[in-house]
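Please look through the sequence and the 3D structure below before reading on. The paragraphs that follow take its parts one after another.

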Protein chains: 2
Amino acid sequence: MSSTDLKKGSAELLILSLLERGPRHGYELCKRIESRSRGAVRFNVASLYPLLYRLEKRGWLQGRWVEKAGQRRRRYYRLTTEGRTVLKARRRSWSEFVAAVRRIVGPDYA
Amino acid sequence: MSSTDLKKGSAELLILSLLERGPRHGYELCKRIESRSRGAVRFNVASLYPLLYRLEKRGWLQGRWVEKAGQRRRRYYRLTTEGRTVLKARRRSWSEFVAAVRRIVGPDYA
DNA sequence: GCGCTATATATCGTCGTACAACATATAGCT
DNA sequence: AGCTATATGTTGTACGACGATATATAGCGC
């Protein structure tokens, strides 16, 4: 599986995690994921924006337009209370999943 | 992301890993994944069989029918040399991916 | 002025894949 | 005869990833 495939399931977890410490806009999330993962995870904008809309629609995020002179408008997203609850659950299920995979795949030989 | 979504990217890694120690047939792989992950990862047959065909088509697996009296025929898959090479690479990229996610998501609070 | 890059958001069309549902076949248990 | 377990397979739907493309603003080099 390519690194593209690998990130499929974890995209939401990454977004929610990054928003935990404060509002971020789409492009910023994109760049943060790339730099924090040292390039291992890269987000295509054609996936990111629709994903943000979905999360907002589910009530986990709340977006708000911020306009500044001499700048393209930005949409800042913040975690809702429900979003925080979901994040907690997602973190737990992620670590459970990783543990389960480790039991099947065996220890790392990296 | 549901545990269903989570496993999307790792399905191939799981199959390849299980076949590392010897030939297995589809249903057996299904059951082994379920039991080794203690129920955390479950495979739908409608995903498993097409996946096995794909892997075989790519030359990573080789299947062979085994018929026994009083039993439904089984198709046993074994890892090819190419499959072993791919498995090695997949294992490495999986652990890199997990490390990258951990840097973004933070430590486990499970 | 022009091309390039970076910042920032957005959509369209294609393609792959997961899975519910259904189908088939064998055997044992009740 | 009906249920469960074993075992493989297909069809149809639906969702999501991503390449390509578009729009808008600003700065830099030439």
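At roughly what angle do the axes of α2(B) and helix α3 of chain B cross, and within what distance do they come? In this predicted model, the axes of α2(B) and helix α3 (residues 26-36) of chain B cross at roughly 100° and come within 11 Å. Angles of 65 to 115 degrees count as roughly perpendicular, and α2(B) and α3(B) are therefore roughly perpendicular to each other. On the side of α2(B), the contact is made by L14(B), I15(B), L18(B) and L19(B), while α3(B) contributes L29(B), R32(B), I33(B) and R36(B). Sorted by class, the residues of this contact between α2(B) and α3(B) comprise six nonpolar and two charged ones, with no polar residue.

Helix α2 of chain B can also be followed through its burial. Nine of the nine residues of helix α2 (residues 11-19) of chain B are buried, so this helix is largely enclosed by the rest of the structure.

Helix α2 (residues 11-19) of chain A packs with helix α3 (residues 26-36) of chain A at an angle of about 100°, and their axes lie 11 Å apart. The helices α2(A) and α3(A) are therefore roughly perpendicular to each other. Here L14(A), I15(A), L18(A) and L19(A) in α2(A) meet L29(A), R32(A), I33(A) and R36(A) in α3(A). The contact of α2(A) with α3(A) has six nonpolar residues, two charged residues and no polar ones.

Over all chains, the structure holds zero disulfides. V41(A), which is found in the loop between α3 and α4 (45-57) of chain A, counts as buried at 1% relative accessibility. From C-alpha to C-alpha, V41(A) and C30(A) are 9.6 Å apart in space, and in sequence they are eleven residues apart.

The strands of chain B remain to be described. Three strands of chain B form an open sheet in the order β1-β3-β2, with antiparallel pairing. The edge strands of this sheet are β1 and β2 of chain B, each of which pairs on one side only. Strand β1 (residues 24-25) of chain B pairs with strand β3 (residues 74-79) of chain B in the antiparallel sense over two bridges, and R24(B) stands opposite Y77(B) in β3(B). Strand β2 (residues 61-66) of chain B likewise pairs with β3(B) in the antiparallel sense, over six bridges, and V66(B) stands opposite R74(B) in β3(B).

Terms used:
Residues are numbered from 1 along each chain as its sequence is written. Chains are lettered from A and ligands numbered from 1 in the order in which they are written. This is a predicted model: local features need pLDDT of at least 70, side-chain atom pairs count only at pLDDT 80 or more; totals for chains, interfaces and linings use all residues. Side-chain values use heavy atoms; hydrogens and water are left out. Axes are lines fitted to C-alpha atoms, for helices over the stretch in contact, and angles run from 0 to 180 degrees between N-to-C directions. Helices (H or I, at least four residues) and strands (E, at least two) are DSSP runs, numbered from the N terminus. Angles under 35 degrees count as roughly parallel, over 145 as roughly antiparallel, 65 to 115 as roughly perpendicular and the rest as oblique. Contact means heavy atoms within 4.5 Å. Ala, Val, Leu, Ile, Met, Phe, Trp, Tyr, Cys and Pro count as nonpolar, Asp, Glu, Lys and Arg as charged, and the others, Gly among them, as polar. Buried means under 20% relative accessible area, exposed over 50%, partly exposed in between (1.4 Å probe, protein chains only). A disulfide is a pair of cysteine sulfur atoms within 2.5 Å. Two strands pair if DSSP finds at least two bridges between them.
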